[in-house]
Amino acid sequence: MAPADTVIAMRKICTRFGRHAVHTDLDLEVRRGEILAIAGGSGSGKSVLMREMILLQRPTSGSIHLFGHDTATLTMPQAHALRLRWGVMFQHGGLFSALNVRENIGLPLREHSRLDRALIDRIAEWKLSLTGLPPDAGLKQPGEFSGGMLKRASLARAIALDPELLFLDEPTSGLDPDSAAGVSELILRTHALYGLTIVIITHDLDLLWQSCDRVAVLGEGRVLASGSMEELSRHEHPIVRGYFEGPRQQRAAASATQVRRDKGAPWTTR
Ligand SMILES: Nc1ncnc2c1ncn2[C@@H]1O[C@H](COP(=O)(O)OP(=O)(O)OP(=O)(O)O)[C@@H](O)[C@H]1O
């Protein structure tokens, strides 16, 4: 039985596609209220792992408990009720081009509540403003948005139902450094505002250093190591060490130290 503050518990996960084994013996826990990043090389199985967490895919073997429920024994209504407890921001936004941005953000509310249209529009505008977009942005089509604005709108939709748990798939990929820093800050603000649990898949070193409480590094079919970036920087496994060698890594670590100093290190207590 997982402890009460465990939101997701994955035990002995094996995932195979034909003869290709992606996860061979993977254990991972997500704790209530933390920002956990899943990092690892291309093809290490990060996206597949997230798809398993959000019930889009089943592992070949092993167990997954979500909010204490064993996913192997869920009925359809139970699975539906669980899905309403998390929001997902997909890597490419996943907004519908036929709808304007406000309608996209209101979509989960139209599907899962009986609120009237005017109220849904107001809630969507509120969520949009939380992400730092101007009030008139909701009336635009997703195609009119820059990459950074799309990520913000997609985050606004992911929090439409006030989830307890948020999944962010590569939230800063494809953004210029300024926009990426803005999204990174927005993640911290959303976390502080809602006190939710966040799981992030990312390669972004600045995001890893500045925003995440814990990082799980995938490799060789399992979690090779998990801990704070400071802890991982002293790890001996060559794949884990690979994250901390070279000028890019050192710049990200130095800039995280600076950001912490500037902001009074609010996350050291999280
Ligand atoms: N539906 C599928 N059928 C067959 N193989 C798959 C399927 N989905 C994923 N894979 C394989 O599983 C492996 C892990 O894929 P995954 O997308 O999880 O990697 P990743 O760590 O997210 O990589 P990246 O950082 O490049 O996105 C890859 O070799 C991929 O080809």
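Two strands count as paired if DSSP finds at least two bridges between them. In this predicted model, strand β6, residues 86–89, and strand β7, residues 165–169, meet that condition with four bridges, and the pairing is parallel. One of the residues to look for is V88, whose bridge partner in β7 is F167.

Strand β6 also shows how a strand can be covered on two sides. In a regular strand, side chains alternate between the two faces of the sheet. In β6, W86 and V88 lie on one side, while G87 and M89 lie on the other. These four residues are all buried, so both faces of β6 are covered. For the protein chain as a whole, buried residues make up 40% of the 270 residues.

The chain's secondary structure consists of ten helices and ten strands. Four of the strands form an open sheet, in the order β2-β1-β4-β5, with antiparallel pairing. Strands β2 (20–31) and β5 (69–70) are at the edges and have a single partner strand each, so one side of each has no neighbour in the sheet.

Two packed helices are described by the angle between their axes and the distance between the axes. For helix α3 (residues 101–112) and helix α5 (residues 147–158), the axes come within 8 Å and cross at roughly 30 degrees. Angles under 35 degrees count as roughly parallel, and α3 is therefore roughly parallel to α5. On the α3 side, the contact is made by V101, N104, I105, L107 and P108; on the α5 side, by A153, A156 and R157. Sorted by class, the residues of this contact are six nonpolar, one polar and one charged.

Around the ligand are F17, V22, G40, S42, G43, S44, G45, K46, S47 and V48. Helix α1, residues 46–53, gives the most to this shell, with three residues. By class, the shell has three nonpolar, six polar and one charged residues.

A final figure concerns the chain as a whole. Take the contacts between residues at least 6 apart in sequence: 66% of them join residues at least 24 apart.

Definitions and conventions: Residues numbered from 1 in each chain as written. Predicted model: local features only at pLDDT ≥ 70, side-chain atom pairs only at ≥ 80, totals over all residues. Buried ≥ 20, exposed ≤ 12 C-beta atoms within 10 Å, placed from the backbone. Axes fitted to C-alpha atoms, helices over the stretch in contact; angles between N-to-C directions. Parallel < 35°, antiparallel > 145°, perpendicular 65-115°, else oblique. Contact = placed C-beta atoms within 7 Å. Nonpolar A, V, L, I, M, F, W, Y, C, P; charged D, E, K, R; others polar. Near = placed C-beta within 6 Å.
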